[in-house]
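Hi,

Here is the structure I promised to pass on.

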Amino acid sequence: MGKVRTWGIGCGGGTALVAGACTTAWFATRPPTLVDARPRSADGLLVVDVAVVDVVTGRVLDHQDVRIEGETIVSVDAHTPGGSAEEVVDGSGAYLVPGLIDAHCHVLSGSAAPGRPNLPDPDLNFARLLYSGVTTVFDPGSDPDAIFSFRSELAAESRLGPSIFAAGPIFTAPGGHPVPMLRQFVPGPLQDLFIGRLTRQLAAPEDAAPAVDALVPLEPDFIKVAIDHLPSDAPRIAPDVAAALVDAAGARGLRTVAHIGTLDDARTAVDVGASAWIHGVYKERIPDAAIGELADAHIPMVPTMVVFKSYAELGRGGYTPTPLEQAVAPPELFESWSDPTLADAVPDSIADYLAMLRDQRATALDNVGRLHTAGVTLLAGSDSQAGMLPGPSLHRELALLHEAGLPPIEVLRSATVHSARFLSGQDDPPFGVVAAGKRADLLLLDADPLTHIDALGQIRTVILRGRVLDRTPWP
């Protein structure tokens, strides 16, 4: 097979597609084992003398002992010398926070640059996420059979990786986003297959309930609807069809998240009853008068600023990998992201879109900052896909949230308790907090994340469901 151009675009510009049409991959040999889980301790795990960050109150509790039995935290108490367990983790001088949550991550995407052979490796994606301290993800657009199968295997611990929430296919208008992107970049013989697996195209309100019913046996966690024009001349789902979809999902106990790009998209999502904005308003400045209106909707937003920054900068040279990125991938991958010949694989309509992303970057950041100030709950999501690394890309998103004006505690909350509350649908979620009774997904950090936001990348130890992970960087 000759060279196949696949962009593997995620919800920022298409859908997370499994580009299995390629017969080549970045790596001639199997990548190294980045993480390995120790057996769960029969007599418990004890993290001793650690500073626990309470993400709900914003306080740091010094000199605490955190006892774990099975997958669950059973106590958080003042340190007592001589505490014992089968396995002890020394927390002295470290800070303990909940495992991070990526509220928008396409775990079935490859990380090669758009236009390059892009063979995804889900297990490598899972390892990169765990190495980076990401213990839970929401995948809002993937092949339903594949993503829900992985979700079950990870929950059963027959596969090592984060806990997954997933939506499956993207509901859209006939010919709406992401269909044009798939037509543009997926090889001809595979187009209809990919479109059929990754989208559900609704022409009329009466199409909504049967389409949801067909998905219900797979037990999706959410329904995803595209309320956006990508490219700008693509059809947009009619409001009455979107409303029928939200109603059908709600009648079956499912919430709907809405992909948006403009203020009009955001308003439509509110009008039809969506439960969250995915991507936020990134194509234009939100007028000051409309900021309060969006805040009054009382639904969260996942800005995914890093994916737009990534796409806008691909092929423009000078990509500088972070320490976490260097720890989970080879240098030639980052060099490829800077290759100026990437522009050869970009059609004019996509080039215009990328130019818009560059032009609107400051505006999008400003929108996020003003919405946060007005009281909109922000959830951290990377939209990790082609040209990005799952795991490290979330840390880049956290840095952008801080750049947009969020203080460190709010950045941390966006990737822990706020996202946990939304995904679980519970005000007191079963994960995302360091407290008795919660799932033992934890990060031991070498610095205070409430003082330095980059401390979230200074990871000493990852604990996944009560199991300590051994982390080995890329050689």
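β2 and β3 make a hairpin with 4 residues between them, and in the turn Gly58 has a positive phi of about 85 degrees. Before I go on: this is a predicted model, in which local features need pLDDT of at least 70 and side-chain atom pairs count only at pLDDT 80 or more, while totals for chains, interfaces and linings use all residues. Residues are numbered from 1 along each chain as its sequence is written, and side-chain values use heavy atoms, with hydrogens and water left out.

Strand β2 (residues 45-54) and strand β3 (residues 59-69) run antiparallel and are joined by 7 bridges; Leu46 has Arg67 in β3 as its bridge partner. Helices (H or I, at least four residues) and strands (E, at least two) are DSSP runs numbered from the N terminus, and two strands pair if DSSP finds at least two bridges between them. β2 is mostly covered, as 10 of its 10 residues are buried (buried means under 20% relative accessible area, exposed over 50%, partly exposed in between, with a 1.4 Å probe and protein chains only).

Another sheet to look at is an open one of 3 strands, in the order β7-β8-β9 with parallel pairing. β7 (100-102) and β9 (163-166) are at the edges with a single partner strand each, so one side of each has no neighbour in the sheet. From one strand to the next, the twist averages 15 degrees (axes are lines fitted to C-alpha atoms, for helices over the stretch in contact, and angles run from 0 to 180 degrees between N-to-C directions). β7 pairs with strand β8 (residues 134-139) over 3 bridges, and Asp102 has Val137 in β8 as its bridge partner. Helix α13 (residues 392-403) lies across β7 and β8, at about 95 degrees to β7.

α13 also brings us to the charged pairs. Arg396 and Glu325 form a salt bridge, with the closest N and O atoms 2.9 Å apart (a salt bridge is a side-chain nitrogen of Lys or Arg within 4 Å of a carboxyl oxygen of Asp or Glu). This pair links distant parts of the chain, with Arg396 in helix α13 and Glu325 in helix α10 (residues 323-328), 71 residues apart. Arg396 is partly exposed, at 22% relative accessible area, whereas Glu325 is buried at 2%. Salt bridges with shared partners also join Arg40, Glu71, Glu157 and Arg467 into one network.

Which residue does Asp265 form a salt bridge with? The partner is Arg236, with the closest N and O atoms 3.0 Å apart. Asp265 sits in helix α7 and Arg236 in the loop between β12 and α6, 29 residues apart. Asp264 meets Arg236 in a salt bridge too (3.6 Å, N to O). Asp265 is buried at 2%, but Asp264 is partly exposed at 46%. In the whole structure, the search finds 27 salt bridges.

Now the inside. The largest nonpolar core has 115 residues, and Leu100, Val107, Trp277, Leu357, Leu398 and Leu401 have the most contacts inside it. A nonpolar core here is a set of buried Ala, Val, Leu, Ile, Met, Phe, Trp, Tyr and Cys residues joined through side-chain atoms within 4.5 Å. Helix α12 (residues 348-374) gives the largest share of this core, 9 residues. A second, separate core of 16 residues includes Val47, Leu96, Val434 and Ile463.

Thr472 is partly exposed, at 44%. Thr472 and Thr33 are 439 residues apart in sequence, yet 7.0 Å apart in space, C-alpha to C-alpha. Beyond neighbours within four places in sequence, Thr472 is in contact (heavy atoms within 4.5 Å) with Thr33, Leu34 and Tyr131.

For the overall picture, the protein has 15 helices and 18 strands, and buried residues make up 61% of its 475 residues.

Cheers
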